[in-house]
Amino acid sequence: MSASLTLVVVMSVLFGAGIATMMERSLTRVLIGFLLVGNGVNLLIYLMSGTPGLAPILGEDVDGSEISDPLPQAFILTAIVINLGITAFLLALLYRSWWLAQLGARGDLVDDAAEHVEDAEETADLIRSSAADDRAVQELIDASDEEPDAGGDAEPEASEASEASARRGGRRRP
Amino acid sequence: MIASLAAFAGVALVTPFLARWLGRRVFPLIALMPAAAFVLLLTWLPGVLAGNPVVEVVPWIPQLGVAISFRIDALALLLALIVTGIGALVLLYCTQYFGDDEPGLGRFAALLLAFAGVMLGLVTADDVFLLFTFWEATSVLSYLLIGHYTERKESRGAALQALTVTTFGGLTMLVGLVVLVVAGGTTSLSELVAEPVGGTAGAVGIGLVLVGAISKSALVPFHFWLPAAMAAPTPVSAYLHAAAMVKAGVYLVARLAPGYADVSVWHPLVVVIGGVTMIVGGWRALRQTDLKLLLAYGTVSQLGFLVLVTGFGTRDAALAGVALLLAHALFKATLFLVVGIVDHATGTRDVRRLSAVGRRMPVIATIAFIAAASMAGVPPLIGFVAKEAVFTAFLDATAAGEAWAWAALVAAILGSVLTVAYTARFLWGAFFTKPGAGPTTLQPTGTLIGIAPGTLAVASLAFAFALPLVEPLLAASADELPGSREYHLALWHGLEPALALSALVFGLGALLVWRRAPVARLQAAMPHTIDSGRGYLAIVGALDRLAAGLTTFIQARGVPGYVAVIATVFITGLGVAALRNSTWPDTVRPWDLPAQPIVAALIATAAIAAAIVRQRMTAVLLAGTTGYGLVLLFGMSGAPDLALTQALVETLTVVVFVLVVRRLPRQVAVRRQAVRAPFRIAIGVLSGAVMAVIGLVALGARVQPTIAEGLPALAVEAHGRNIVNVMLVDIRAWDTLGEISVLVAVATGVASLIFITGRTGVAPRLDAPSTRRERFLPLPEQADTMRGARASLADTEHEADAAGEAAATRQTWLLAGRTISPRNRSILVEVLVRLLFHPAIVVSVFLLFVGHNAPGGGFAGGLVAGLALVARYLAGGRYELGEAAPVDAGRLLGIGLLLAAGTATLPLFLGRTVFQSSWLEADVPVLGTISIGTSTLFDIGVYLVVVGLVLDILRSLGAEIDRQREDADEHGLPDAIAPADDALHPDTPHDERRAVASSGTAPADGEARA
């Protein structure tokens, strides 16, 4: 298969511009990036038909071997319409978030940096909290080590936890 | 075997329900399951001893040679008997251990039973991947069992440690197994042992598998998870330590030793790690004050011993190893169960608080003494027999000059000395009277609870005297290793060196007990150099901190951050893969047509500009320009259908965008971006470059001729000349059906997001129905009402009056033209729309029907009709939309989907296949010869869905947003949310109205409509 360099370049520009735009805070900008990437994808699929020919519509003077590959065209056609649908959906999302979140002059910048940092910290705390479980195990194990200086005579403080856990685990009879 | 395992699974599944009904009495019932398996296994014993293993094979993934295969030889049978026998006794013990009110009792019972079943599968599986599956299943089940007390921190932590460590080992083992299987060409464990894999592959593979075994059997440096696992209920500990889980590693070592003991990595791993573990475990056991922990470290020590002996690689050592395995299973289960009983009776496991217990619980104490004596290797018990055999085997090996024999012998002696010492500490701690401590208060325990440990203790004793009965099974598994078969297990071999060693061990052990105080001081003074538990904590802590840091780093940037991460992964992953590819296209043309570069430059410029400009509307229009550029590209090079559809969609997209964006502040608020501009640009450029490479590679990778050559014939067969349309409605109709389903979902989604209260019904209509003619004429008597309704549309009272006056008296071109403020009306637009609407609908229907043979079709037709509606709405406002399309959008979508799905299913009722087409041909004036077929009906369905989609979009993003805004203005609350227009729906409840904080701008209406 051979390629048209021009189309490849245009496709890559659409992708590049689209992805760069999608990395902005404003949801409208994200959506514009989405449109650009959508067009880029369609062009990518179109590239796959190779050398273009006549329109794939049969007639008396059209030979089956001279037409463009109709398969990518069928793919793209539905993709175009779906693009419209998704764009509308994203717009509806955007509007609703702006309206319901009462963002007003802030526009469509629903994504608040401070909030995100807070969320992230919360998640991080959750991750760190598993360390507490591990520490509890280690404490329990350390508590069982005999310390000759403390001696076996004194009432052992460390055994409290062990005893408590044993009591809870054990079956008590009246 | 498969049937037994299925029975285990089945019983385990119903156990929770039984437990709800029976309470703790469920345990004796389910104990029957392993007991039955135990009996079944015993019936196989003669055959297995005769050298005929029981084999069962069911193909699983034949392409990979993976099978559900079981092979029960002597070793497997021994392990299986231990697993089921002790399993049954432990379950029986649970009856007395737990109360009916124990939380999660049913779950616990089911898990413990399943654990036994999985363990049984593990020791009998022959396929290595089946074995691995069971291996991992034991990890998961042990996690759930250790974490039984979900509310306790230490329980959760211990469970997670066990899971982490054993899963790490398991995955390492999987890699090793794959290496062995690929090099050996079989997945059968027995074949891999019979014909060992040699060379580097064998060494690497077996090394990795040993890491798995070492982690599972809690050997140094992975030993820390086992003491931690004593957070589990005692029956679990007993089973885990004695018969299940940790024995899996020992089993694997014993299984592999006949084939791989000569491999270079084997002895260093097995002897060093086994020996070190034995000593470290014993040393730490000697220091514990918690009886359960003491036993846990004792198990660690014994596991090291077991691996050292079973993996040593001579026949005698193997025989000693399996004897020790049996002995350990019996005494360790007994001791744990005894600790459970003592714990119950006294409420503590602390040796410093227990005093004078043995005197008052003589039966339990006796049981414990028998088991402990077996552990220490005191005659006449099975433990003594095994230890004698070990010493003899190692002594013989040193005499034979075997490498590693001395190291193994010294480790075994030192470990045994420590074992004697900690055994004494255990008995002293649990049962003896301590000076200075009063007798511990005892609560009565039932006698039944002693059955399980009692049975096991008796077995420890009985087996030592019934060696001729036991030995054949043990010897049969050991005989696979080289070496003379002269040595037999016996209580009395005469005055042999081994006996002297035993005496030495007892002597040194007694010394350790006698000089307890200096030993304890020495222990306390030892630094924690080989405490890998702390190392684990450090590693896990570091991982946690890394994860937390990474989370903060990525999450703090929100959506843009995520996109950046995704794009970066895409660039590095696919970019590298694409560059490493060598299939570039044969030829690269600069362009297909001379006009292409010009259009391309237009698209590229528009795309880059769209990414740069800050104004929303400009950016939207620029993005639209790229779309129109595509229209040109498609139109120039043989894709008229695409050009048509893209043009229509692009127009609609821009309109829809504008409809929403008119409500937002005009300028995109500029704040600090989450991803800074240089990064965004770099990631964008690189993504584009990667896509270019991928496009080229994809073109080059294509070697097969396109299937397009066959399509013309197919199209003719389907009575169509427009191949693209035929594909959409006939050849690939399934695909299209899916696609329009997406459209229906999207339309529904859009409406649901915008409408607060129910989305059904048509767009708002004028509330004065009259004859068609009348509605175009000025209606003086309605002027007042019109004035009222319009008040909201005008800025001031005065203007409203004037507008009402003008609207009411002027003749209109559109039905709802009078509802719009004159400021926003354009007579020119109204006239144009009035003139063009009906022709546009006709054209849309025309496109729909000619689509099969010429550019057009349901998508294009539907979009044209949709654009006609857009025009009506833009010119006349929301009431105009209601008048233009007085139908429920949902109904249109539904009918469309029904039609399309109907053409799919209807042929089924006629005895044909889904989507099989049939036709009716006719000559129609103007349209020419058209053939109406099921595919035409399908296309009509597509048409209706597209119209429905556009209508829903207009109703929601257009009309409803208008209404919400008018409502907000009318009530003096900027952006207030009111359920409905009072004038139109007076019965709507008011309490749903919700006032929200004020917002700034409200762009002029005209912006959207101009």
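Two strands pair if DSSP finds at least two bridges between them. Helices (H or I, at least four residues) and strands (E, at least two) are DSSP runs, numbered from the N terminus. Keep both in mind for the first stop.

**Before you start**

This is a predicted model, in which local features need pLDDT of at least 70, side-chain atom pairs count only at pLDDT 80 or more, and totals for chains, interfaces and linings use all residues. Residues are numbered from 1 along each chain as its sequence is written, while chains are lettered from A and ligands numbered from 1 in the order in which they are written.

**Stop 1: where the chains meet**

Select S4(A). Opposite S4(A) stands R589(B), in β3(B). Now show both strands. β1(A) and β3(B) (residues 588–589) run parallel, joined by two bridges.

Widen the view to the whole interface. Contact means that the C-beta atoms of two residues, placed from the backbone, lie within 7 Å. By that rule, 119 residues of chain A are in contact with 157 residues of chain B. On the chain A side, the elements that give two or more residues are β1 (3–4), α1 (5–22), α2 (27–47), α3 (70–100), α4 (113–143) and α5 (159–169). Color α3(A): its 25 residues are the largest share of that side.

Next, color that side by class. It has 64 nonpolar, 34 polar and 21 charged residues. Here Ala, Val, Leu, Ile, Met, Phe, Trp, Tyr, Cys and Pro count as nonpolar, Asp, Glu, Lys and Arg as charged, and the others, Gly among them, as polar.

**Stop 2: along chain A**

An unreviewed UniProt entry lists residues 6–23, 30–48 and 74–95 of chain A as "transmembrane region". Such annotations may be inferred rather than shown by experiment; the positions follow the numbering used here, and feature names are shortened. Select residues 6–23 of chain A: they are 94% helix and 0% strand, with end C-alpha atoms 26 Å apart. Then take residues 30–48 of chain A, which are 95% helix and 0% strand, with end C-alpha atoms 27 Å apart.

Now color by pLDDT, the predictor's confidence in each residue, from 0 to 100. Chain A averages 76, and 75% of the residues score at least 70. Among its elements, α1(A) has the highest mean (93) and α5(A) the lowest (40). Over residues 150–174 of chain A, pLDDT stays under 50; the model has 38 contacts beyond four places in sequence for them.

**Stop 3: the cores**

Move to chain B. It has 39 helices and five strands. Of its 1010 residues, 54% count as buried. A residue is buried if 20 or more other C-beta atoms lie within 10 Å of its own, exposed if 12 or fewer, and partly exposed in between, with C-beta atoms placed from the backbone.

A nonpolar core is a set of buried Ala, Val, Leu, Ile, Met, Phe, Trp, Tyr and Cys residues joined through C-beta atoms within 7 Å. The largest has 226 residues, and those touching the most other members are V83(B), L113(B), A229(B), L308(B), A323(B) and A333(B). Its largest share, 22 residues, comes from α14(B) (residues 315–346). A second, separate core of 154 residues includes A607(B) and M727(B).

Which residues does L113(B) contact, leaving aside neighbours within four places in sequence? Among them are F8(B), V11(B), I30(B) and L91(B).

**Stop 4: a hairpin**

Select β1(B) (residues 54–61) and β2(B) (residues 66–72). They run antiparallel, joined by seven bridges. E56(B) has F70(B) as its bridge partner. Four residues lie between the strands, and G65(B) takes a positive phi near 75°.

**Stop 5: a buried tyrosine**

Select Y251(B), in α11(B) (residues 246–260). Why does Y251(B) count as buried? Because 26 other C-beta atoms lie within 10 Å. Beyond four places in sequence, Y251(B) touches L79(B) and V123(B).

**Stop 6**

Most residues other than glycine have a negative phi, and most peptide bonds are trans. Look at the bond joining V220(B) and P221(B): it is cis, with omega about 5°. The bond from P379(B) to P380(B) is also cis, with omega near 0°.

Finish with M245(B), which is not a glycine but has a positive phi of about 55°. M245(B) counts as buried because it has 29 C-beta neighbours inside 10 Å. A356(B) has a positive phi near 55°, and counts as partly exposed because it has 16 C-beta neighbours inside 10 Å.
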